[in-house]
Amino acid sequence: MKIATLRAWSILKVGVRSILRNTTRSILTVLGIVIGVACVIAMNAVGSGASKSIQSNISALGTNFIMVFPGAVTQGGVRITAAQSSLLPEDATAIKNECPSVAYVSAGIRSGGQVVAGENNWGTEVFGCDVDWPFIRAWNVERGVFFSEAEVKAGTKVAVLGATVVRELFPDTDPIGSVIRIKNVPFRVIGVLERKGGNTMGQDQDDQVVVPYTTVMKRLTGAIRLGIIQVAAVSPDRIGQAMDEIRVLLRQRHRLTQAQDDDFNMRSQEEIAATASQTARTFSVLLASVAAISLLVGGIGIMNIMLVSVTERTREIGLRMAVGAKARHVLGQFLLESVALSIVGGAIGVALGIGASLLIARFAGWPVSIDPGGVAVAFFFSAFIGVFFGFYPARKAAALDPIEALRYE
Amino acid sequence: MIEIADLVRTYRMGEFEVKALDGVSLSIAAGEFVAIMGPSGSGKSTLMNLLGCLDRPTSGRYLLDGTDVARMPPERLAEIRNAKIGFVFQSFNLLPRTSAAENVELPLLYGARGLSGRERQDLAMKSLGKVGLAGRADHTPSQLSGGQQQRVAIARALITDPPVLLADEPTGNLDSATSEEILGLFQSLNDAGRTILLITHEPDVAEHARRVVALRDGKILRDEPVHDRRIAARRKAAS
């Protein structure tokens, strides 16, 4: 036992040394393994990170959340892209009054705009909505107040700021009571929203100014139609029912015949989450296929270089056999070399994969989580590749005839 | 030490069978210094491969140091080679970019006894001392002259203390002065009791041995002691 260990150790040292002798060649050889393992690690990190992020975002969206978007309008049997939105403020009111499964409704309309406060200005999004909006999004006002029903009805020029906007426009002062200008229209700041962070797509949700939707229509854009209607169902198990009620009501209000498609689209919180997971999964699958191909190519690269090595070292093999190496010693030596190569590649790949995961985390805004189990699996898989693709060259070396090998030029 | 009787080795060349060795019988006692001579195609390489346990005879008997090795499986032959035969080749066959000491250690990696790295190093240094290269242990082959490289190879052959040293054209790649040096080393090793088999086609080289066996067409042509033995100008081996 002790003898066998000593011998294996000596042979391993010989193998490692022969790898170190050809540093550049060895590194190029293991590149495929490096990329493959790095992809596996990154894939794992992104996959599990994205699913964690999605879970936390589902609750952040607000509970029982449904979005109604304006959609395609059918005219004379021809389906065209809606030239103008199919949703009117009255649709929102009707949903609130007539759908029993709906708890909150908020008409919404967006407007981009440069917002100016004193000497500071900031390009952000202006979102017009109704008084139910904080309940639908489960988003509280941190300081000050949200606007009232009377202010919505009157189209008052009041604004509630997101945390990012406060940081950019009022770095040192309390914004409550100040005046900001949106497209040159003065608005009084009455509240600040609590910080919410990035959404599922990585956008900063705190980078917006919230104002009454009536004010956007009257003072900023002049539009009479809505960009969105946000709805909360009374309970999670009645989301489907609420969507059915809204569909029937809107079809009726828009006078759609049986033959016509909906001129609006609805998506629930679950569907949004599903889309996000789908995106993350697609990304994972992409990385997985790159990883698989890369590991395969890497393995073939190792096999190739080991075959070259066996040919180059034919005389060495002959000599080793002449001084007493048995076929299994030669087999073991070349197997160990290819495993050592692939493990070195695996180790570099693990480091690179963790680095790449952190970069993805930084730029995609996904909270990646590196799973030690995945790292271990990737590492052992690379060792397995070394054995698998190293076996053929090693067997070729072990099968050499010492007389022929010694005479090889 | 070596007893071969009626040794035959045939090769198939397509349809034909070629008898490279055709019934060779030979007996070599311990402590002898035998040169095996013959032109190319005489069967001396075949004989050397058989004597070195690199190949197995088609028929015949081969007793090496009391062991019948003619029918041994390759795995056992590897053990025999490791324990009983020290090889010296024409082209030295040293591992490139590897120190002299590590080259000398090589057979110990495959020995039946497990030795620690320190034990192997000590043996390698002792062996290098025997060929007068103790001071060059860290040199790689490219930093050594041809004669020095062949001495490293001899040190490698000696490290397992084998009963037989088998040298295949050991001076073939060396100039005449260096050849004398190497042959002198063989003579002093033989004087110290080592059995040496020297395969060569040069009569000058063969005359350094005590006995010459000449082969032709796979048969022994003559087998006689050397009358006017050449004694190489000795350098003190242990220097």
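This is a predicted model: local features need pLDDT of at least 70, side-chain atom pairs count only at pLDDT 80 or more; totals for chains, interfaces and linings use all residues.
Among contacts in chain A between residues at least 6 apart in sequence, 82% join residues at least 24 apart. Chain A contains 13 helices and 12 strands. Of its 409 residues, 43% count as buried.

Let me turn to one helix pair in this chain. Helix α9 of chain A covers residues 269-312 and helix α12 of chain A covers residues 372-398; their axes come within 9 Å and cross at roughly 25°. Because angles under 35 degrees count as roughly parallel, α9(A) is roughly parallel to α12(A). The crossing in which α9(A) passes α12(A) is right-handed.

Which residues of α9(A) and α12(A) meet? On the α9(A) side they are A:Leu295, A:Gly298, A:Gly299, A:Ile300, A:Ile302, A:Met303, A:Met306, A:Leu307 and A:Val310. Facing them from α12(A) are A:Ile385, A:Gly386, A:Phe388, A:Phe389, A:Gly390, A:Tyr392, A:Pro393, A:Lys396 and A:Ala397. Sorted by class, the contact of α9(A) with α12(A) comprises 13 nonpolar, 4 polar and 1 charged residues.

The axes of helix α5 of chain B, residues 146-158, and helix α6 of chain B, residues 176-191, come within 9 Å and cross at roughly 20°. The two helices, α5(B) and α6(B), are therefore roughly parallel to each other. Their crossing is right-handed. From α5(B), the contact draws on B:Gly146, B:Gly147, B:Gln150, B:Arg151 and B:Ile154, and from α6(B) on B:Thr178, B:Glu181, B:Ile182 and B:Leu185. The classes in the contact of α5(B) with α6(B) are 3 nonpolar, 4 polar and 2 charged residues.

I now return to chain A and to a helix with a buried side. Helix α3 of chain A, residues 89-98, has A:Asp91, A:Ala92 and A:Ile95 as its buried residues. Why do these residues lie on the same side of α3(A)? They cover an arc of only 100° around the axis, and that places them on the same side. In general, an α-helix has 3.6 residues a turn, so residues three or four places apart point the same way. The exposed residues A:Glu90 and A:Asn97 are carried on the face of α3(A) turned away from its buried side. As for the partners of the buried residues of α3(A), these are β4 (102-117), β11 (228-233) and α8 (239-253) of chain A.

A:Ser357 belongs to helix α11 of chain A, residues 327-364. Is A:Ser357 buried or exposed? With 22 other C-beta atoms within 10 Å, A:Ser357 is buried, because 20 or more is the requirement. Leaving aside neighbours within four places in sequence, A:Ser357 is in contact with A:Ile41, A:Ala42, A:Ala45, A:Val46, A:Val368 and A:Ile370. Between the C-alpha atoms of A:Ser357 and A:Pro367, which are 10 residues apart along the chain, the separation is 9.4 Å.

Finally, I come to the contact between the chains. Here 20 residues of chain B are in contact with 20 residues of chain A. Which helix gives the most to the side of chain B that touches chain A? That is helix α2 of chain B, residues 74-84, with 5 residues. By class, the side of chain B that touches chain A has 9 nonpolar, 6 polar and 5 charged residues.

Definitions and conventions
Residues are numbered from 1 along each chain as its sequence is written. Chains are lettered from A and ligands numbered from 1 in the order in which they are written. Axes are lines fitted to C-alpha atoms, for helices over the stretch in contact, and angles run from 0 to 180 degrees between N-to-C directions. Helices (H or I, at least four residues) and strands (E, at least two) are DSSP runs, numbered from the N terminus. Angles under 35 degrees count as roughly parallel, over 145 as roughly antiparallel, 65 to 115 as roughly perpendicular and the rest as oblique. A crossing is left-handed if the near helix is turned anticlockwise from the far one by less than a right angle, and right-handed if clockwise. Two residues are in contact if their C-beta atoms, placed from the backbone, lie within 7 Å. Ala, Val, Leu, Ile, Met, Phe, Trp, Tyr, Cys and Pro count as nonpolar, Asp, Glu, Lys and Arg as charged, and the others, Gly among them, as polar. A residue is buried if 20 or more other C-beta atoms lie within 10 Å of its own, exposed if 12 or fewer, and partly exposed in between; C-beta atoms are placed from the backbone. The arc is that of the directions from the helix axis to the C-beta atoms.
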